[in-house]
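Please prepare a short report on the predicted structure shown below, covering helix packing, sheets, the pocket and local backbone features.

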Amino acid sequence: MMPRRWIPIGRWLLVIGMLLSVRFSPSAPPAQAQSAPHLGYGVNPTSAADLGIGAMGFDWTKAFGPIGARLPYRVLRRLDVHADVLGNLSAWGDWLENEARTQADFIEAWEIGNEPNLDASYGWAAPPNAADYTRVLCEAYRRIKRADPTAIVVSAGLAPTGRVPFTWNGHRGYCAPGVGWCPGYYQDEREFLREMLQAGAANCFDALGFHPYGFAAPATAAPGSPECGPNDFCFRTVEVIRQIMVSEFGVDKPIWATEFGWLIDPAQVGRPECRNDPSFSGRLWQLVSPQQQADYLVQAYQWAETNWPWMGAMLLFNYGFYSPGSCDQMGFYDIKGRPAETALRNMAKNPVPARPVWNSPQLLLSDVDAPAVLRGAFWVRNRSPEPLQWTVLSVSSPDFPLQVDFSSGTYRQPLPFRADPSGKALGVYTATIRVRSEPWAPMNLPVEGRDQDLTVVLRVVPEVYRDYLPLIMR
């Protein structure tokens, strides 16, 4: 029986340090300037796969149901969430967790509900309650992250209601039937946000959803200005939302404009009769011309890119909702085939690129007296939301034989390799594998670090010691 060798702890620490420093240190991301891309350019469409979205150079689309295949856009899926979910929150969570798992390759982000500060069929469908909504949001966050840790969870876009001076059942800024001039149940979005954050919602979203509609004001109109009026009905009212998050609650997280837009005067697009449609009741003061809609939407994206480093994806409302036989007001937010579509197509954009990062370099240790084929693997990860695929372009290994097992794969698959150290003397040898990483689907996106050289370091040493820490019972 061979005598046991005791290895000085200093040598172990040296080897461990070498392994950690070489094997587990991916290339550091480049320093980002203040003008680094942060916006997403998106729409709320009738068809999430509409080719016109990409033709505008946009990279985000919204889906209102399951997606069955990879789209050529980043996808935000909106879930309808009502008060009745609270009746069986665990079962709903089970369903959502399974949905997030099966849709992980097709969906980058989830929006949990829509305008929950409104009592409407598309809102909370009951008197709004921020604490109750927060319970649902937190269940959704926990389940989605368990199923797909890379998914982005966005809280429901809050509806701008204007300032409400009433208190109802202890809720400030609240309208209820019989209270003042209130026509129904809804809560001032600012007070609803405060109650959400007081209930712990900040721990349950990656980005806050908000709907900064422009109403009749230009996109550059400042909150508190005459153009926005006493209710701050303007696009930049989101700055007040940001101030509440950061200054009052210390929550420094992105905001996503999951809906925003301007309503066209139907009389200016050949539909004057639609002004009398019930859906336009109370909205005539919001109307703008088709050219103003185009100008304001471009202003909105440009203002956000220049002034709001905390703004994430901006999905305008809407793309394709107009029907020639209908006077529904939602169709007159539509930009499809109107000057806004052309203006947005021609607008300069600075989208967030795909950002692959590999666990390179990899270190292999070989005993000079007992060489054997060594194996290792590279993995690609993404610092942006879409899934990646990779392709091996070439292998450069002048110092020792190196082979890859597969020439292509996805982010779910490793890139395994084999190295043969036979005949190598003591020393350090290197080889490189050149790879290309791209989004799964053909997306009109820049790729930061598309082609990279992955390094394999072979170190041939006098002897490779293998030891194991003892098991300790507690």
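## Packing of α3 against α4

In this predicted model, L89, S90, W92, G93, D94, L96, E97, A100 and R101 of helix α3 are in contact with R135, V136, E139, A140, R143, I144, R146 and A147 of helix α4, where contact means heavy atoms within 4.5 Å. The contact residues divide into 8 nonpolar, 2 polar and 7 charged, with Ala, Val, Leu, Ile, Met, Phe, Trp, Tyr, Cys and Pro counted as nonpolar, Asp, Glu, Lys and Arg as charged, and the others, Gly among them, as polar. Helices (H or I, at least four residues) and strands (E, at least two) are DSSP runs numbered from the N terminus.

The axes of α3 and α4 (residues 130-147) come within 8 Å and cross at roughly 35°; axes are lines fitted to C-alpha atoms, for helices over the stretch in contact, and angles run from 0 to 180 degrees between N-to-C directions. The crossing of α3 past α4 is right-handed, a crossing being right-handed if the near helix is turned clockwise from the far one by less than a right angle, and left-handed if anticlockwise.

Residues are numbered from 1 along each chain as its sequence is written. Since the model is predicted, local features need pLDDT of at least 70 and side-chain atom pairs count only at pLDDT 80 or more, while totals for chains, interfaces and linings use all residues, and side-chain values use heavy atoms, with hydrogens and water left out.

## The parallel sheet

Helix α3 (residues 89-102) also lies across β3 and β4, running at about 165° to β3. These strands belong to an open sheet of 8 strands with parallel pairing, in the order β5-β4-β3-β2-β1-β12-β11-β10; two strands pair if DSSP finds at least two bridges between them. The edge strands, each pairing on one side only, are β5 (152-157) and β10 (208-210), and neighbouring strands of this sheet are turned by 25° against each other on average, direction ignored.

Within the sheet, β3 (residues 74-79) and β4 (residues 109-114) pair in the parallel sense over 4 bridges, and R78 stands opposite E111 in β4.

## Packing of α5 against α6

Helix α5 (residues 189-198) and helix α6 (residues 238-249) have axes that come within 11 Å and cross at roughly 35°, and α5 passes α6 in a right-handed crossing. From α5, the residues E189, R190, L193, R194, L197 and Q198 meet V240, I241, I244, M245, E248 and F249 of α6; together they divide into 7 nonpolar, 1 polar and 4 charged.

## The antiparallel sheet

An open sheet of 3 strands has the order β15-β20-β18 with antiparallel pairing. Its edge strands are β15 (374-378) and β18 (402-404), each pairing on one side only. Strand β15 is joined to β20 (residues 415-419) by 5 bridges, and G376 stands opposite F417 in β20.

## The largest pocket

The lining of the largest pocket comprises 27 residues, of which E115, L118, Y122, Y213 and R283 lie nearest its centre. A pocket is, on a 1 Å grid over the protein atoms alone, an open set of points where a 1.4 Å probe fits, with protein on both sides within 12 Å along at least five of seven lines, and lining residues have an atom within 4 Å of a point. The lining divides into 16 nonpolar, 6 polar and 5 charged residues.

## Local backbone features

A cis peptide bond, with omega of about 5°, joins F317 and N318, and N318 lies in strand β12 (residues 311-319). The peptide bond from S360 to P361 is also cis, with omega near 5°, and P361 lies in the loop between β13 (356-358) and β14 (362-367). A125, although not a glycine, has a positive phi of about 55° and lies in the loop between β4 and α4.
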